[in-house]
Amino acid sequence: MGRVLERLEVARRALRTLEEVAYLEEPSPLERDAAIQRFEYTFEAFWKALQAFLREREGLEVASPKRAFRLAHETGLMAEEEARLALAMADDRNLTVHTYNEALAQAIFRRLRSYTELMGRVLRRMDEGHSL
């Protein structure tokens, strides 16, 4: 589980940086954009930790975030509603990378709290080495 532990630690550190800004009530445009940037790298660290966990714990190889989220549900690591939220999170992450739109940035920022909480719950489950 060495690779998993390493990936989990990276994801936890990234998540802590996101938590610093995801709960701001009225962020400035700069704070909002920083939060979205932190979301992007936290998402990457999170799904890479999940990928390593699924490989080492379940013997499953995954090459994409969405497949990892579906398998996390199938293996009991995520509830169905969490998997749906994770899939929406992947869509939002893709939107942040490919285009900039003020209204989209505001909408994604409003969803960061639920994404932050989801990633925290799933990381804790992986830390504990068990499912729901």
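Here are some notes on the salt bridges and helix packing in this predicted model.

1. Ground rules. Because the model is predicted, local features need pLDDT of at least 70 and side-chain atom pairs count only at pLDDT 80 or more, while totals for chains, interfaces and linings use all residues. Residues are numbered from 1 along each chain as its sequence is written, and side-chain values use heavy atoms, with hydrogens and water left out.

2. Salt bridges overall. There are 16 salt bridges in the structure, each being a side-chain nitrogen of Lys or Arg within 4 Å of a carboxyl oxygen of Asp or Glu. One group is a network that links E9, R12, R13, R16 and D127.

3. A bridge between helices. E44 pairs with R93, with 3.0 Å between the closest N and O atoms. This one joins distant parts of the chain: E44 belongs to helix α2 (residues 29-58) and R93 to helix α4 (residues 80-98), 49 residues apart. (Helices are DSSP runs of H or I with at least four residues, strands are runs of E with at least two, and both are numbered from the N terminus.) E44 is partly exposed at 26% relative accessibility, whereas R93 is buried at 15%. The cut-offs are under 20% relative accessible area for buried, over 50% for exposed and partly exposed in between, using a 1.4 Å probe and protein chains only.

4. Two more pairs. R84 and E80 form a salt bridge at 2.2 Å, N to O. Both sit in helix α4, four residues apart, or about one turn of the helix. R84 is exposed, with a relative accessible area of 53%, and E80 is partly exposed at 44%. The E61 and R55 side chains also meet in a salt bridge, here at 3.2 Å; E61 is exposed at 59% and R55 partly exposed at 33%.

5. How α2 meets α4. The axes of α2 and α4 come within 10 Å and cross at roughly 125 degrees, so α2 is oblique to α4. Axes here are lines fitted to C-alpha atoms, for helices over the stretch in contact, with angles from 0 to 180 degrees between N-to-C directions. Under 35 degrees counts as roughly parallel, over 145 as roughly antiparallel, 65 to 115 as roughly perpendicular, and the rest as oblique. The contact (heavy atoms within 4.5 Å) uses I36, F39, E40, F43, E44 and F46 from α2, and M89, A90, D92, R93, T96 and V97 from α4. Those residues split into seven nonpolar, one polar and four charged. Nonpolar covers Ala, Val, Leu, Ile, Met, Phe, Trp, Tyr, Cys and Pro; charged covers Asp, Glu, Lys and Arg; the others, Gly among them, are polar.

6. Look at D92. This helix α4 residue is buried, at 5% relative accessible area. Setting aside neighbours within four places in sequence, D92 is in contact with F39, I108, R111 and Y115.

7. How α2 meets α3. α2 packs against helix α3 (residues 65-74) at about 55 degrees, the axes being 10 Å apart, which makes α2 oblique to α3. The α2 side of the contact has F43, F46, W47, L50 and L54, and the α3 side has P65, A68, F69, L71 and A72.
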